[in-house]
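Dear colleague,

I am passing on the structure we spoke about, together with some notes on what turned up in it. Please have it open while you read.

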Amino acid sequence: MNNFPYDAVVFDLDGTLFDAEEGIVSSVIESVRGLGLEVPQNADLREVVGPPLRDSYRNLLNVPEELVEKAMDLYRVDFSARGMYLYSVYPHIRSILQMLRKGGTHVAVATSKPLWLALDILRHFGMEKLFDRIVGEVDGAAKLGKPELIRSALPDKYKSAAMVGDRKFDVEGALANGIDAVAVSYGCGSEEELQDAGATVIIPDTESLRAYLCPGAEIPRGFFLSVEGPDGSGKTTQVDLLEKSLRQYGFSVVRTREPGGCEISEDIRRIILDPENMEMCDECEALLYAASRAQHVHQVIRPAVERGELVLCDRFVDSSVAYQGGGRELGVDMIQQINAPAVGDMLPDATLYLAIDHKLALMRRLAASEPDRLELAAVEFHGRVQKAYERLIKENKKRFLVVDASRDIESIAQDALKAVLSKLLED
Ligand code: TYD
């Protein structure tokens with residue numbers, strides 16, 4: 001048994017589950033321009049999110065009555081082709097939905113959007129399976145309106161239910177159904193609007209929403225994702241892009257790197273990579289990597305995963321196996337032994353590998369910046385690194401996500417995101 005306040009929770013979509021502003025506003029601008037008109041300079045475009053769009057065209061954007069339907073058509077086309085992809089899932093929403101469902105709560109969506117569009121958005125963000133019921137307006141049928149949509153989203157039987165939403169329409173709809181109106185002020189509605197409409201409670205952010213809806217429940221374990229590849233595989237660029245996309249999907253990303261990731265480990269990084277330290281022996285190097293890793297796991301990686309966050313780590317122990325074990329020829333066994341106390345049971349849940357031939361990668365890398373100490377090492381060294389990686393991939397097929405990194409940045413980023421999401425959204 002749990003002490004959740006509700007056994008049925010209905011969510012609004014825009015401004016509650018998703019930050020919809022950028023997507024909607026940009027498609028509205030596009031539609032007004034498509035009519036050959038200009039957006040009035042004094043119009044506060046954030047106002048278009050929430051209320052019926054036709055009213056915004058008439059009252060806020062001064063679109064003549066005879067052009068309103070044309071504007072709606074242009075909007076729909078642009079929004080489903082482009083605008084919806086600018087949405088982002090608010091942080092913690094995924095864990096709230098998971099925790100509610102785990103607690104046996106009926107979880108639903110009630111939106112004034114056309115149902116097909118709501119489904120497209122939820123599917124794109126890999127969220128449709130998190131709901132028991134998804135309710136929206138059906139094209140061609142008479143408009144139901146928010147109170148009726150909420151009613152259809154509720155189960156036949158419940159003890160205590162709530163509608164969670166960011167506008168007065170959500171609050172009014174909840175009250176019309178005799179259920180609690182849990183208003184969130186991080187969306188588009190002001191606190192004043194929500195208060196005046198009679199909200200049962202006003203919640204400022206998604207972390208507080210989680211505490212309110214799921215008191216005392218355990219936050220699901222996070223995820224540990226490492227990214228590997230030879231020097232010059234374009235790893236940093238890809239990690240940047242992946243971080244941005246994963247945040248848009250609602251994951252709380254903790255971006256970190258090895259060697260480094262926290263103060264002590266960054267100090268060790270400087271020693272290892274310092275070109276002055278030419279006399280450093282291979283064993284010293286391997287032990288320093290392991291030492292920096294021990295601190296990093298202890299201070300950053302493990303606590304973040306336990307807090308339910310997604311750790312995105314640029315290199316991890318596989319780099320030591322490949323570079324020190326393979327490249328420096330210390331052997332895989334020795335590297336695994338010295339890393340065992342550093343890593344413990346904190347192996348990555350998935351590892352994205354940017355696959356590129358070491359010679360091509362090195363050429364790219366040398367063209368981009370001054371080579372560091374390791375990069376000055378022989379080409380044979382990088383050949384051995386690549387071989388060691390290939391062996392690791394063979395032996396850990398389930399963990400490694402291999403992406404061809406010899407292509408253009410955009411194609412690599414798309415495939416990398418797809419591969420990572422397939423793991424993250426696994427049931
Ligand atoms: P990094 O900063 O990731 O460089 P790049 O972006 O060019 O790949 O890594 C610095 C170097 O450290 C890189 O040459 C790989 C090496 N390295 C090891 O040899 N062993 C390790 O355990 C780690 C984490 C990195």
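Leaving aside its neighbours within four places in sequence, which residues is F251 in contact with? They are R94, L246, L310, L421, L424 and L425, where contact means heavy atoms within 4.5 Å.

Before going further, please note that this is a predicted model, in which local features need pLDDT of at least 70 and side-chain atom pairs count only at pLDDT 80 or more, while totals for chains, interfaces and linings use all residues. Residues are numbered from 1 along each chain as its sequence is written, and side-chain values use heavy atoms, with hydrogens and water left out.

F251 sits in the loop between helix 10 (235-248) and strand 10 (253-257); helices (H or I, at least four residues) and strands (E, at least two) are DSSP runs, numbered from the N terminus. With a relative accessible area of 15%, F251 is buried, a term that means under 20% relative accessible area with a 1.4 Å probe, protein chains only.

Turning to the ligand, 17 residues surround it, and the closest are D231, R269, R315, S320 and Q324, a residue being counted if one of its heavy atoms lies within 4 Å. Helix 13 (317-327) gives the largest share of this shell, four residues. A polar side-chain atom of D231 lies 2.7 Å from an oxygen atom of the ligand, and a polar side-chain atom of Q324 lies 2.8 Å from a nitrogen atom of the ligand.

Best wishes

How values were computed
Buried < 20%, exposed > 50% of the residue type's maximum accessible area, 1.4 Å probe, protein only. Polar contact = N/O pair within 3.5 Å; in protein donor to acceptor, adjacent residues only side chain to side chain.
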